[in-house]
Amino acid sequence: MTIERTLAIIKPDAVAKGVAGQILTRIENASFKVLAAKMLQLAPEQARSFYGVHRNRPFYQSLCAFMTQGPCIAMVLEGENAIQRWRDLMGATDFTKAAPGTIRKDFASSIEANAVHGSDSPASAVVEIAFFFSSLEICPR
């Protein structure tokens, strides 16, 4: 198995609901190492830049607005096959199709307000981690 890093975000809806601690517990119980974490509120230009890959999709504007409505928690997770394991723990983007026991099944309320984000590939993980964290902020363990 390959040790990987991935970006994880606890989105504004989950922070507002007060379930960030429960999500962090699930992350640690799944044997991920949290190498970096910070709470921040994205400015509109930051959200537009981060989600730029979706610029031409119909949900882009509403996604950017949603992600700037309140604070989120960005993290760097590390572990064996971290990208796929984190995606499995998150569940399907559409929470109504997510498997029982996944974060999105338990905490999401819409496709946008789906509690968490995760990198979808090693290449995007590198870019996304660098968007939120400098190398000095990542603490290998």
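Serine 124 lies in helix H7; helices here are DSSP runs of H or I with at least four residues, strands are runs of E with at least two, and both are numbered from the N terminus. The model is predicted, so local features need pLDDT of at least 70 and side-chain atom pairs count only at pLDDT 80 or more, while totals for chains, interfaces and linings use all residues. Residues are numbered from 1 along each chain as its sequence is written, and side-chain values use heavy atoms, with hydrogens and water left out.

**Serine 124**

- Serine 124 is buried, at a relative accessible area of 16%; buried means under 20%, exposed over 50% and partly exposed in between, with a 1.4 Å probe and protein chains only.
- From serine 124 to glutamine 61 the separation is 63 residues in sequence and 21 Å in space, C-alpha to C-alpha.

- S1 (3–10) and S3 (72–80) run antiparallel and are joined by eight bridges; two strands count as paired if DSSP finds at least two bridges between them.
- Within this pairing, isoleucine 3 stands opposite glutamate 80, and glutamate 4 has glycine 79 as its bridge partner.
- S1 also runs antiparallel to S4 (116–118), with three bridges between S1 and S4.
- Alanine 8 faces glycine 118 of S4 as its opposite residue.
- S2 (33–40) pairs with S3 in the antiparallel sense over seven bridges, and methionine 39 stands opposite isoleucine 73 in S3.
- In S1, six of the eight residues are buried, and the strand is mostly covered.
- S3 is largely enclosed by the rest of the structure, because eight of its nine residues are buried.
- In a regular strand, side chains alternate between the two faces of the sheet.

**Nonpolar cores**

- The largest nonpolar core has 22 residues, and Phe132 and Phe133 touch the most other members; such a core is a set of buried Ala, Val, Leu, Ile, Met, Phe, Trp, Tyr and Cys residues joined through side-chain atoms within 4.5 Å.
- At least two residues of this core come from each of S1, S2, H3, H4 (60–67), S3 and H7.
- The greatest contribution to this core is that of H4, with five residues.
- Another core lies apart from it and has 20 residues, including Ile10, Ala14, Ile73 and Val116.
- Phenylalanine 132, leaving aside neighbours within four places in sequence, is in contact with Leu7, Ile9, Lys38, Leu40, Leu42, Phe50, Ala74 and Glu137; contact means heavy atoms within 4.5 Å.

**The largest pocket**

- The volume of the largest pocket is about 610 Å³.
- A pocket is defined on a 1 Å grid over the protein atoms alone, as an open set of points where a 1.4 Å probe fits, with protein on both sides within 12 Å along at least five of seven lines.
- Grid points are joined across faces, edges and corners, and the volume is the space filled by probe spheres set on the points.
- The lining consists of 23 residues, and those nearest the centre are Tyr51, Val53, His54, Leu63 and His117; a lining residue has an atom within 4 Å of a point.
- H3 (44–50), H5 (82–90), S4 and H7 (122–132) each supply at least two lining residues.
- H7 provides the largest share of the lining, four residues.
- By class, the lining has nine nonpolar, eight polar and six charged residues; Ala, Val, Leu, Ile, Met, Phe, Trp, Tyr, Cys and Pro count as nonpolar, Asp, Glu, Lys and Arg as charged, and the others, Gly among them, as polar.

**Loop residues**

- Serine 31 sits in the loop between H2 (20–29) and S2.
- Serine 31 is not a glycine, yet has a positive phi of about 65 degrees.
- Serine 31 counts as exposed, with 56% relative accessibility.
- Alanine 30 is found in the loop between H2 and S2 and counts as partly exposed at 22% relative accessibility.
- Apart from neighbours within four places in sequence, alanine 30 is in contact with Arg85 and Leu89.
- Alanine 30 and arginine 5 are 14 Å apart in space, C-alpha to C-alpha, and 25 residues apart in sequence.
- Asparagine 81, in the loop between S3 and H5, has a positive phi of about 45 degrees although it is not a glycine.
- The relative accessible area of asparagine 81 is 25%, which means partly exposed.
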